[in-house]
Amino acid sequence: MPDLLAAELRVDGDERLARVELRRQIGRLEAELASLVAEAFPRLRIDVAVAAVASAPRALGLGDLEEVRDSLATRVGEARQQLRGQDELETRNRELLDRMLASPADFKWVQISRDDIGAPGCGHWHSRPRFGLLGMLMGWWRVRVSSGCPLSGRLAAVER
Amino acid sequence: MAVAGRSTEPEPRSTFGWVAPRISAEFPGLGISWIEVEGRPGRSPRPVVDRLAETSNRFYGAHAVHMRERPIPWAYRVFFRQIGLDPDRTRTPVEQLALDRLQDGAFKTHGLPGDALTIATIETGIALRAFDAARIEGALCIRDSAPGESLPGRPGKLAHGTLVIADERGPVGLLFGATGEGREVDRDTRRISVAAVQVEGVPQIAVDEALWMVAGVLEVA
């Protein structure tokens, strides 16, 4: 009887250690996901939803913990990929902006916003002709920089 | 000499509840402690409303996004995952308050003791619950539900193994969920039990601070 009891405890103990390890991994993945969400804000909204495996709080078994861990790992992977894609897009847009600033006539009517390059605030760069139609015919192109976010006073005036 | 806004009374002593050994073995940092304070529900007095407004003014969208990176809110998020809940659907208490703040434009007053719990939760990140002290028998504990148990006033039985806050009579509420009928604070309440649920990674000093803060706010009232 004592031997049987010991064997049962050992199995339970091994499983408990596995659950402890899974919980540790869930904690680490949650921290990673949190830092990715914060890094992406406000440029990108990352989907962090991981379906609940229980309808009410309970101590999860190995299978459920594995499911949570795997879902979180998938989410972290997706978030990293989304962020990497966004970084690449913003880098390409910054390079485009540099080229546009150097030669506005080659990028007629192109408009790049601060959002497009991952910069905070409002505003955009717009390649447009000087003096309207005349400039368009003469090839006098320039990049116009917008004046930024609307002032709160002006917004209030519009709302009045 | 009394400091403005602070009482010279000694801080109320918190009582530690117990956690069922099987649950404690799974979640070593899990704990519950509570204080009992004189108080009855009602409208919050001006100092409490002002403090709530001041707390609102210090809280922005960026705080909400970065909140999950801070140690205490992160610890609750992790614990939610570990007990099968999705903290982006069933929000942790502090994140629910943050979301309400962003949606409503301010921490809206809900009277006492709700406002006291809001202030303390936002300041410390600790998950707090209020019960009618007169209807709590003996020590509070965290345990898994036994077969056939149910939450007072709620239809249906609890799934076996549901984590609950219980007293000596039975479950008084789900851990991070509904409170049993008759155990919540209502108009007949004269003493309030404020309970803090501690999870792994949450320091005891933060729990004590949260409980003292609630007691302080209720004292002002």
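**Figure 1. Strand β8 of chain B and its two partners.** In this view, 7 of the 8 residues of β8(B) are buried, so the strand is largely enclosed by the rest of the structure; a residue counts as buried if 20 or more other C-beta atoms lie within 10 Å of its own, as exposed if 12 or fewer do, and as partly exposed in between, with C-beta atoms placed from the backbone. This is a predicted model, in which local features need pLDDT of at least 70 and side-chain atom pairs count only at pLDDT 80 or more, while totals for chains, interfaces and linings use all residues. Residues are numbered from 1 along each chain as its sequence is written, and chains are lettered from A and ligands numbered from 1 in the order in which they are written. Helices (H or I, at least four residues) and strands (E, at least two) are DSSP runs numbered from the N terminus, and two strands pair if DSSP finds at least two bridges between them. Strand β3 (residues 31-38) of chain B pairs with β8(B) in the antiparallel sense over 8 bridges, and B:Val37 has B:Ile192 as its bridge partner in β8(B). Strand β4 (residues 127-132) of chain B also pairs with β8 (residues 191-198) in the antiparallel sense, here over 6 bridges, and B:Ala127 has B:Val197 as its bridge partner.

**Figure 2. The two faces of strand β4 of chain B.** Because 6 of the 6 residues of β4(B) are buried, this strand is largely enclosed by the rest of the structure. B:Ala127, B:Arg129 and B:Phe131 point one way from the strand, whereas B:Leu128, B:Ala130 and B:Asp132 point the other way, and all are buried.

**Figure 3. An open sheet in chain B.** The 4 strands of this open sheet follow the order β2-β5-β6-β7, with mixed pairing. Its edge strands, each pairing on one side only, are β2 (18-19) and β7 (171-174) of chain B. Strand β5 (residues 141-144) of chain B pairs with β2(B) in the parallel sense over 2 bridges, and B:Cys141 in β5(B) stands opposite B:Trp18.

**Figure 4. The crossing of helices α2 and α6 of chain B.** The axes of helix α2 (residues 46-57) and helix α6 (residues 114-124) of chain B come within 10 Å and cross at roughly 35 degrees; axes are lines fitted to C-alpha atoms, for helices over the stretch in contact, and angles run from 0 to 180 degrees between N-to-C directions. The contact is made by B:Val48, B:Arg51, B:Leu52 and B:Thr55 of α2(B) together with B:Asp115, B:Thr118, B:Ile119 and B:Ile122 of α6(B), where two residues are in contact if their C-beta atoms, placed from the backbone, lie within 7 Å. By class, these residues divide into 4 nonpolar, 2 polar and 2 charged, with Ala, Val, Leu, Ile, Met, Phe, Trp, Tyr, Cys and Pro counted as nonpolar, Asp, Glu, Lys and Arg as charged, and the others, Gly among them, as polar.

**Figure 5. Where chain B touches chain A.** Across this interface, 29 residues of chain B are in contact with 26 residues of chain A. On the side of chain B that touches chain A, the elements giving two or more residues are α1 (21-26), α3 (61-67) and α4 (71-82) of chain B, and α4(B) gives the most, with 5 residues. That side of chain B has 13 nonpolar, 7 polar and 9 charged residues.

**Figure 6. Backbone details in two loops of chain A.** A cis peptide bond, with omega about 0 degrees, joins A:Phe41 and A:Pro42, and A:Pro42 lies in the loop between α1 (2-40) and α2 of chain A. A:Trp109, in the loop between α2 and β1 (111-113) of chain A, has a positive phi of about 65 degrees although it is not a glycine. A:Trp109 is exposed, with 10 other C-beta atoms within 10 Å.

**Figure 7. Backbone details in two loops of chain B.** The peptide bond from B:Leu112 to B:Pro113 is cis, with omega near 5 degrees, and B:Pro113 lies in the loop between α5 (93-104) and α6 of chain B. B:Phe176, in the loop between β7 and β8 of chain B, has a phi near 60 degrees, a positive value in a residue other than glycine. B:Phe176 is buried, with 23 other C-beta atoms within 10 Å.
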